Amino acid sequence: MKWREKNGLPWLEANLAGEATVCFSSRIGGVSEKPFDSLNLGILTEDRRLDVLENRRRLAAAAGFDGDRVSMGRQVHGAGLSRAGQEIPGAYSAPGNEPPPEADGQLTEEKLRPLLVLVADCLPVALLGDRGLGMLHCGWRGLAAGIIDQAAGKIGVRAAAIGPGIGPCCFEVGPEVEEAFTDLGPGLMNGRNLNLPEAARRLLARAGVEEVESAGICTYCDERFFSHRRDDGKTGRQAGIAWLN
Ligand SMILES: [Zn+2]
């Protein structure tokens, strides 16, 4: 995974087996004002709608994907998946009043069809398999609900990338969260802190992915990223985007 930049807008880019491109945006390079400064991509925040749409346009232009073809869902911290093509056209570039259907993961077999999830501490996880590509929004609830297993089973996963999210340094959790991951073996907890990226990595390994590329960036520590927990919920959203080349 490496940083790239165009028009003053940086992003992290990964390449899955030479078949798919994965981008993780940061908060840098947009037009939104505090506390959404500056590349806020979430329209369901209290940010100005026109600023969010301009940010989305800038990201698509810099990273090189077709904003009009983006597939995204209304994320509810579940394990529901959606096939690209089921969504409302223009959900990214020209969203109407009707929200997209509920889904925390997007799947496709179509080339150059960008799949997108919005995050601010949760992990964006991209999966590549013999039967397509997946982009997942993975908070602890989604992981515990089996979103990785479900997506992996549908596409026959063999490569994956985990983007920036809250790290083991900062993710203090209650006993009910710890309980949800005990079957993944020891070492996930350090005091009251859960290692969410490691939980995702173990779930991917269990699904058959030998090597996972990971950003290794904590969104709470690293101020280049939005963090829901650090900013007390009043913040923007970055994105994980992936497409088949
Ligand atoms: Zn941290």
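Predicted model: local features only at pLDDT ≥ 70, side-chain atom pairs only at ≥ 80, totals over all residues.
Residues are numbered from 1 along each chain as its sequence is written, and side-chain values use heavy atoms, with hydrogens and water left out.

Colleague: How many helices and strands does the protein chain have?

Modeller: Helices (H or I, at least four residues) and strands (E, at least two) are taken as DSSP runs and numbered from the N terminus. Counted in this way, the protein chain has five helices and 13 strands.

Colleague: What is the radius of gyration of the protein chain, and why does it agree with a compact globule?

Modeller: The radius is taken over C-alpha atoms, and the globule rule is 2.2 Å times the number of residues to the power 0.38. The C-alpha atoms fill a box of roughly 45 × 40 × 35 Å along the principal axes. For 245 residues a compact globule would have a radius near 18 Å, and the value for the protein chain, which agrees, is 16 Å.

Colleague: What share of the contacts in the protein chain with a separation of 6 or more comes from residues 24 or more positions apart?

Modeller: A contact here means heavy atoms within 4.5 Å. Among the contacts with a separation of 6 or more, residues 24 or more positions apart account for 66%.

Colleague: Which residues of helix α3 are buried, and on how wide an arc do they lie?

Modeller: Buried means under 20% relative accessible area, exposed over 50% and partly exposed in between, with a 1.4 Å probe and protein chains only. In helix α3, residues 147-155, the buried residues are I147, I148, A151, A152 and I155.

Colleague: Which residue with a positive phi follows α3?

Modeller: The phi of the residue that follows α3 is near 65°. That residue is G156.

Colleague: Where does W243 lie, is it buried or exposed, and what is its relative accessible area?

Modeller: W243 is found in strand β13, which spans residues 238-244. Leaving aside neighbours within four places in sequence, W243 is in contact with residues including C23, F65, L112 and L133. W243 is buried, with a relative accessible area of 8%.

Colleague: What is the relative accessibility of M72?

Modeller: M72 is placed in the loop between α1 and β4 (81-83). Beyond its neighbours within four places in sequence, M72 is in contact with R56, E87, A91, Y92, P100, Q106, L116 and L118. M72 counts as buried, and its relative accessibility is 6%.

Colleague: What is the phi of L112, and where is L112 found?

Modeller: L112 is found in the loop between β5 (105-108) and β6 (115-119). Although L112 is not a glycine, its phi is positive, at about 55°.
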